[in-house]
Amino acid sequence: DGGYLVEFNDSTEGFMPLSHSGYDTLYVNDTVQVLIIGITDKPIVSIREATKAKKKSIYQTKVNLLNEAKALLEMGDVESAIASYQELREKWEEAGHVKQEKELWEEFKEVNSQLRLRSKEQEQVKKQEALSKMECGRVFPGSVVKILQDGSILVQLKFLGTKITGKVPRKEMPRHSADPIKEGDDVRVIVLKVDSQGGKITLGMRQLEIAASHETETAIPHE
């Protein structure tokens with residue numbers, strides 16, 4: 001049937017039958033990956049079997065990665081689980097791809113969806129707990145995350161390990177600010193109202209401005 005002589009890296013030779021050469025035309029000095037499938041006076045090698053073995057190895061790697069990903073669903077620390085999932089995701093891409101992996105990929109993505117959902121649920125629980133313990137009149141540092149069309153602003157602050165976004169109505173904005181407030185600005189706000197059931201808080205800045213102005217007016221100057 002004919003075939004090819006294949007020189008290995010150690011300069012020894014193997015023989016590859018035409019039926020095992022794959023689908024691409026081969027030329028002298030082409031670099032190929034082969035699998036030894038038998039030995040006579042010299043090794044009998046195959047590109048086709050090497051390709052099959054590589055695909056099988058990739059598929060098994062994907063199976064192992066999927067099992068590792070599913071194990072992350074048992075972790076209590078969801079954020080750590082998500083970080084570990086991202087590492088597995090990188091390994092998934094590095095392993096290569098085969099047609100048979102489609103169903104595995106769908107299961108792999110589902111693990112990510114479940115982890116994200118659990119993270120969101122846990123964050124909501126933490127937020128509810130934080131809101132239930134937040135007291136009116138307390139002052140917090142925060143960051144302006146959005147300026148609304150009606151002139152009010154949304155401010156994000158941190159409390160008990162979670163981020164909470166509250167609204168400063170226009171009427172509660174400072175009246176004598178030297179510069180207009182913009183997104184990203186660091187501000188100080190006071191809690192005016194807490195709706196723990198609705199997950200909302202109303203914040204104020206004007207009261208702090210008035211208090212600061214009063215302190216300035218009543219301060220005793222030093223000579």
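Let me start with strands β3 and β4: β3, residues 35–39, is joined to β4 by 4 bridges, and the two run antiparallel. This is a predicted model, so please take everything I say as computed from it. Across the pair, Gly-38 stands opposite Ile-44 in β4.

Now β4 on its own, residues 43–46. Which of its faces are covered? Both: Pro-43 and Val-45 are buried on one side, and Ile-44 and Ser-46 are buried on the other. As background, side chains in a regular strand alternate between the two faces of the sheet.

Next, the largest pocket. It holds about 440 Å³ of space. Its lining has 16 residues, and those nearest the centre are Leu-5, Val-6, Glu-7, Asp-30 and Val-32. Which strand gives the most to that lining? That is β1, residues 3–7, with 4 residues. By type, the lining residues come out as 10 nonpolar, 4 polar and 2 charged.

You will find Ser-152 in the loop between β5, 139–147, and β6, 153–159. Is Ser-152 buried or exposed? Its relative accessibility is 0%, so Ser-152 counts as buried. The side chain of Ser-152 makes a polar contact with the side chain of Asp-150, at 2.5 Å. Setting aside neighbours within four places in sequence, Ser-152 is in contact with Lys-146 and Ile-147, and also with Lys-167, Val-168, Pro-169 and Arg-170.

That is what I have for today.

Notes
Residues numbered from 1 in each chain as written. Predicted model: local features only at pLDDT ≥ 70, side-chain atom pairs only at ≥ 80, totals over all residues. Heavy atoms only, no water. 1 Å grid on protein atoms, 1.4 Å probe; cavity = no way out; pocket = protein on both sides within 12 Å on 5 of 7 lines; lining within 4 Å. Points joined across faces, edges and corners; volume = space filled by probe spheres on them. Nonpolar A, V, L, I, M, F, W, Y, C, P; charged D, E, K, R; others polar. Buried < 20%, exposed > 50% of the residue type's maximum accessible area, 1.4 Å probe, protein only. Polar contact = N/O pair within 3.5 Å; in protein donor to acceptor, adjacent residues only side chain to side chain. Contact = heavy atoms within 4.5 Å. Pairing = 2+ DSSP bridges.
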